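The sequence and structure are shown first.

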Amino acid sequence: MNASLTRWLRRFDDLSMREKLMAAVALPALLYAAFDVTVFTPQLAQRKQLGPQLELQAKELAELRKLAADMTAARPVDRLSNARREREALQRQVDEAQAFIDRATEKAPLARVIRSMTAATPGLVLTSLR
C-alpha cells in the first residue's frame with residue numbers, strides 16, 4: 001500500500017470509538033457537500049435559467065403542431081386531383097384524334113382530313129397547309 005494511506009489508517013486506528021464514529025459520519029457528509037457545491041448547485045441554476053425558455057419552446061411547438069394539422073386538413077388535394085382528371089381527359093381526346101387521323105389517312109389524303117376537322121370546329125380557320 002501507499003505510505004501515506006498506511007499512515008492515515010494508523011491514525012484512524014489510534015482514534016477513540018467516539019472519534020471514529022464522528023469521522024465515519026463527517027466524511028460522507030463532507031463528500032456530499034463537496035458534490036453538492038460542484039455538481040448539484042450549478043445544475044439547479046442552469047435549470048432555473050432554462051425553464052422559461054423551455055416553456056416558450058413548448059408553446060411554439062404546440063402552435064406549430066396545430067398549424068401543421070390545419071395545413072394538412074386544408075391541403076389542396078382536390079385541385080390536384082381535378083387537374084389530373086382534366087389532363088387524363090385531354091390525353092384521351094388527343095389519343096382519339098390521333099386514332100381518327102390514322103384511320104382517315106389510310107383512306108383519304110391528309111389535307112382533306114385536316115380541312116374537314118377544322119371545318120367542324122367553329123372559330124378555327126385553316127390558313128395554310130404544307
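Where is the place of leucine 67? In this predicted model, leucine 67 belongs to helix H2. From leucine 67 to leucine 5 the separation is 62 residues in sequence, and the C-alpha to C-alpha distance is 66 Å.

**Salt bridge**

The structure holds one salt bridge. Its partners are the side chains of lysine 66 and aspartate 70, with an N to O distance of 3.8 Å. Side chains of opposite charge can pair when their charged atoms come close. Lysine 66 counts as exposed because its relative accessibility is 57%, whereas aspartate 70, at 42%, counts as partly exposed.

**Largest pocket**

Which residues line the largest pocket? The lining consists of Leu5, Trp8, Leu9, Arg11, Phe12, Leu15 and Ala23. Helix H1, which spans residues 3-14, supplies the largest share of this lining, namely five residues. By class, the lining has six nonpolar residues, one charged residue and no polar residues. The volume of the largest pocket is about 180 Å³.

Threonine 6 also has its place in helix H1. With a relative accessibility of 25%, threonine 6 counts as partly exposed. Threonine 6 and threonine 38 are 32 residues apart in sequence, and their C-alpha atoms are 29 Å apart in space.

**Nonpolar surface patch**

A nonpolar patch on the surface is formed by Tyr32, Phe35, Val39 and Phe40. Together these residues have about 390 Å² of accessible area. Phenylalanine 40 is located in helix H2, which covers residues 17-73. Its relative accessibility is 38%, so phenylalanine 40 counts as partly exposed.

**Accessibility of the residues discussed**

The table collects the relative accessibility values given above.

| Residue | Relative accessibility | Class |
|---|---|---|
| Threonine 6 | 25% | partly exposed |
| Phenylalanine 40 | 38% | partly exposed |
| Lysine 66 | 57% | exposed |
| Aspartate 70 | 42% | partly exposed |

Definitions and conventions:
Residues are numbered from 1 along each chain as its sequence is written. This is a predicted model: local features need pLDDT of at least 70, side-chain atom pairs count only at pLDDT 80 or more; totals for chains, interfaces and linings use all residues. Side-chain values use heavy atoms; hydrogens and water are left out. Patches are made of residues with over 30% relative accessible area and no salt bridge: like charges are joined within 9 Å, nonpolar side chains (Val, Leu, Ile, Met, Phe, Trp, Tyr) within 5 Å. Accessible areas come from the Shrake-Rupley method with a 1.4 Å probe; for residues, only the protein chains shown count as cover. A salt bridge is a side-chain nitrogen of Lys or Arg within 4 Å of a carboxyl oxygen of Asp or Glu. Helices (H or I, at least four residues) and strands (E, at least two) are DSSP runs, numbered from the N terminus. Buried means under 20% relative accessible area, exposed over 50%, partly exposed in between (1.4 Å probe, protein chains only). On a 1 Å grid over the protein atoms alone, a cavity is a set of points where a 1.4 Å probe fits but cannot get out, and a pocket is an open set with protein on both sides within 12 Å along at least five of seven lines; lining residues have an atom within 4 Å of a point. Grid points are joined across faces, edges and corners, and a volume is the space filled by probe spheres set on the points. Ala, Val, Leu, Ile, Met, Phe, Trp, Tyr, Cys and Pro count as nonpolar, Asp, Glu, Lys and Arg as charged, and the others, Gly among them, as polar.
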